[in-house]
Amino acid sequence: MLENIRIILVGTSHPGNIGSAARAMKTMGLSQLMLVAPKVEPDGKSVALAAGAVDVLKNLTVVDTLEEAIADCPLVIGTSARRRGLDWPQLDAREAGERLAVEGQISPVALVFGRENHGLSNEELQLCNFHVNIPANPEYSSLNLAQAVQLLAYEVRMKHLSLNAEPKPELEPYPNGEQLEGFYEHLESALLKTGFIKPQHPGMIMAKLRRLFNRARPEQQELNILRGVLTSIDKTCNK
């Protein structure tokens, strides 16, 4: 089950952080590390700080975009150190660990960490189903990347250990990242055809609709119904 838990680091700029994150992962039994557009490649410092987790470094995957990294993931949780202008469904660290461990039993899931200096962009956070925040001391909330990985990986492992004693639940499949992006593109196209969205003044409509559907988390069959509704709108507009 833990092999389905994917740790994604976006735009990492310090090779030592890659090694330290790999060490934090391996201590909790996680092995799937992915880098999105890293500023640096793993080097000798990465290996030194990985300690006995060099195998995690050797097997990591590098991709160009976050969309590519999460294309096959029905559940994506992004880490955010602060509230953004548009509120998003929020989880605490324990809730995030529980969701990742449970849904990781049947499909790939992702936990996404941003850049060391400013985290994930608003656009990247909008690709996530949920945001997670570690409630550190507000007077000194300076967590480094590997510490954040360690804390959340611990919560994943604790839930994973409890699941070993329970029967495997029957979970409804959720659409993955690629399928959701296809739905959002279709939705925007339909709303442009009906005139609900004005090309010159799109505003925040699509961002708010993303938040709505991420909060609702439609299952695969429900998303198929929504796509059917949009197709019927397309046909009517074309007439």
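**Labels and their grounds**

Reply: Start with strand β2, residues 32-36: 4 of its 5 residues are buried, so the strand is largely enclosed by the rest of the structure. Note that the model is predicted.

Me: What makes β1 and β2 a pair?

Reply: Two strands pair if DSSP finds at least two bridges between them. Strand β1 (residues 5-10) and β2 have 5 bridges, in the parallel sense. β1, helix α1 (residues 15-27) and β2 together make a right-handed β-α-β unit.

Me: How do you know that β2 and β3 pair?

Reply: By the bridges again. β2 and strand β3 (residues 61-63) share 3 bridges, in the parallel sense. At least two are needed, so this is a pair. Valine 36 has valine 63 in β3 as its bridge partner.

Me: Turn to the aromatic rings. Why is the pair of phenylalanine 183 and tyrosine 184 called tilted?

Reply: A search of the whole structure gives 2 aromatic pairs. In the pair of phenylalanine 183 and tyrosine 184, the ring centres are 5.5 Å apart and the planes stand at 50°. Centres within 6.5 Å make a pair; planes under 30 degrees apart would be stacked, over 60 edge-to-face.

Me: What makes the pair of phenylalanine 183 and phenylalanine 213 edge-to-face?

Reply: The angle. Their planes stand at 85°, with 5.0 Å centre to centre. That is over 60 degrees, so edge-to-face applies. The pair links distant parts of the chain: phenylalanine 183 lies in helix α8 (residues 177-194), phenylalanine 213 in helix α9 (residues 205-216), 30 residues apart. Phe183, Tyr184 and Phe213 form one aromatic cluster.

Me: How do you know that the charged end of arginine 217 sits over the ring of tyrosine 174?

Reply: The charged end is 3.8 Å from the ring centre. The limit is 6 Å, and CZ must also be within 35 degrees of the ring normal. Arginine 217 is listed as sitting over the ring of tyrosine 174.

Me: Why does the span of α8 agree with expectation?

Reply: At 1.5 Å a residue, its 18 residues should span 26 Å. The end C-alpha atoms are 26 Å apart, so the two agree. The buried residues of α8 include Leu180, Phe183 and Leu187. Its buried residues pack against α9 and α10 (220-238).

How values were computed: Residues numbered from 1 in each chain as written. Predicted model: local features only at pLDDT ≥ 70, side-chain atom pairs only at ≥ 80, totals over all residues. Heavy atoms only, no water. Buried < 20%, exposed > 50% of the residue type's maximum accessible area, 1.4 Å probe, protein only. Right-handed = clockwise from strand over helix to strand, strands pointing away. Phe/Tyr/Trp six-rings, centres within 6.5 Å; stacked < 30°, edge-to-face > 60°. Expected span 1.5 Å × (residues − 1). Contact = heavy atoms within 4.5 Å.
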